[in-house]
Amino acid sequence: MVNLSNNFTLIAIILLALSLIIWGYNRAKPFGEIGILAWLQSLTLMTPWIVFFSLLATGIYINFITVILLLVLSSGFYIYLGNLIRKKAESTINNNDLSKIKKELIENFNKNQEIAENKENLSPNNNIGSLKGNQFPVKIEQIKPDFSPIDDEDLKVIKSIFGIDTFFITETIPYQEGVILKGNLRGEADITHQHLTEKLTKKLEDKYRLFLVETPEGKPVVIILPSTNDPKPLTLAQKNLALVLLLATVFTSMEATSLLLGFDLIDNWSRYSEVLPLCIGLWIILLAHEIAHQVIGSKNNVKISLPFFLPSLQIGSFGAITRFESLIPNRSVLFDISFAGPAASFVVSLFILLLGFSLSNNVSTFEIPTNFFQGSILVGILAKLFFNSALQGETVGVNPLTILGWLGLVITALNLVPAGQLDGGRIIQAIYGRKTCRRATIGTLVLLGIVSILNPINSLPFYWAIVILFLQRDLERPSLNELTEPNDTRAAWGLILIFLSLTTLIPITPTLASRLGIGF
């Protein structure tokens, strides 16, 4: 039965990998050499994952150093291919005939001039003015003024900042108190956006915001919206809610710690001092996560709200939900802020875990079943390095810091799930864009639902699916410059962190546990 399960897992991994590879190739082929290179980039990052999980499914053990080496090599090749793609893209742009570009601009202008004056409308439900979650981007062809249009004088000033060397306007669509400008982008998106924003600010000060985004059809479009649509700070009621959730998290973390130590704090309040050391460790992990978000946000002039902590009697806390209180300049900044929090908590948690391992010995009074270490690939492999043959018995003595570090890794990994406005979802949105993030969110919810059905004893996946579905499923609002992607180094680090989070959450297969000598 075990062999059948392992074979099924291996076949499923191979079929999934082949499907993704073939789908990616067919999608990239129409774009020629640059498309194929981009496909090779994705394949480069997928290879260590495919190799690692396939070997695990067959019970073959790869030591931790080899895994890191595979990740480093794939990341290096990913960056090399990215540089090659940029060089070829620049060469293609530089070889374009200028007369052909002018002809294209004139044809587009003439073709769309009449359409611009009689544009059909958009349902009020698709409110682009708020730029929220899955309401954006919408089809431009469906947009219609919903209320007071932009001032005519402002519109003239706005149109004057555009030109053939930046963004050549082919169609103007007033919408609400702003305007949508379709046209042709010339030059690098980040340079063009910065240039246009500076000119807009110089002429109209802080009255409007300029978004450079992409339509569902992949065409660049500029959206000008009044600054009154900027994200709003938390209300007093929301701040009070954040405080209540913080106090609830303090309680649940103390209660969960007491249960870990073998007693119920609710019935033994006089023993509160016994739980404080581990609780302080858990709070340090949570605070490291939120402080890292705030530091990187402040560095990039992005305001981040107070955290809304999610209390849990199972593991103390599921981390926190935060929201942006100002606009994100570009996708690189979105990545940096989203990456910083889980990276900080992961490092702190891993340090505590390794410290717990090093302090554990055969006379440790805190004993856990060795089968416990089969619950995580990452933790199980690290435990094998420290305990070796001791993991073949029924129980093993560990320092409580071991469990604390493991909890920190689990909390971090849950927040790195690639869905919605979780850190993992924001990282995917920053690297691959909104369309891919939306698909990843749906896939994650489906996967969590399947896991909840197959393993009803563990309520963690079901609970997290509910949190995502009702609180975090919407995508993050678009950046001011949505076209410029993060560099390849950021992409590689982001995917490595998500990979490590998966190895934290995925259990070891029975065959591999037997080969490693984990459990009895």
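This is a predicted model: local features need pLDDT of at least 70, side-chain atom pairs count only at pLDDT 80 or more; totals for chains, interfaces and linings use all residues.
Tutor: Residues are numbered from 1 along each chain, and side-chain values use heavy atoms, without hydrogens and water.

Student: Why is α8 called roughly parallel to α11?

Tutor: Helix α8 (residues 272–299) and helix α11 (residues 400–415) pack at about 30°, axes 10 Å apart. Angles under 35 degrees count as roughly parallel, over 145 as roughly antiparallel, 65 to 115 as roughly perpendicular and the rest as oblique. So α8 is roughly parallel to α11.

Student: What makes D154 and K207 a salt bridge?

Tutor: The rule asks for a side-chain nitrogen of Lys or Arg within 4 Å of a carboxyl oxygen of Asp or Glu. For D154 and K207, the N to O value is 2.6 Å. The two residues are 53 apart, with D154 in helix α5 and K207 in the loop between α6 and β3.

Student: Why is D154 called buried, and why is K207 called partly exposed?

Tutor: Buried means under 20% relative accessible area, exposed over 50%, partly exposed in between (1.4 Å probe, protein chains only). D154 has 8%, so D154 is buried. K207 has 41%, so K207 is partly exposed.

Student: How do you know that E476 and R426 meet in a salt bridge?

Tutor: Their N to O value is 3.0 Å, and the limit is 4 Å. E476 is buried at 6%. R426 is buried at 2%.

Notes:
Axes are lines fitted to C-alpha atoms, for helices over the stretch in contact, and angles run from 0 to 180 degrees between N-to-C directions. Helices (H or I, at least four residues) and strands (E, at least two) are DSSP runs, numbered from the N terminus.
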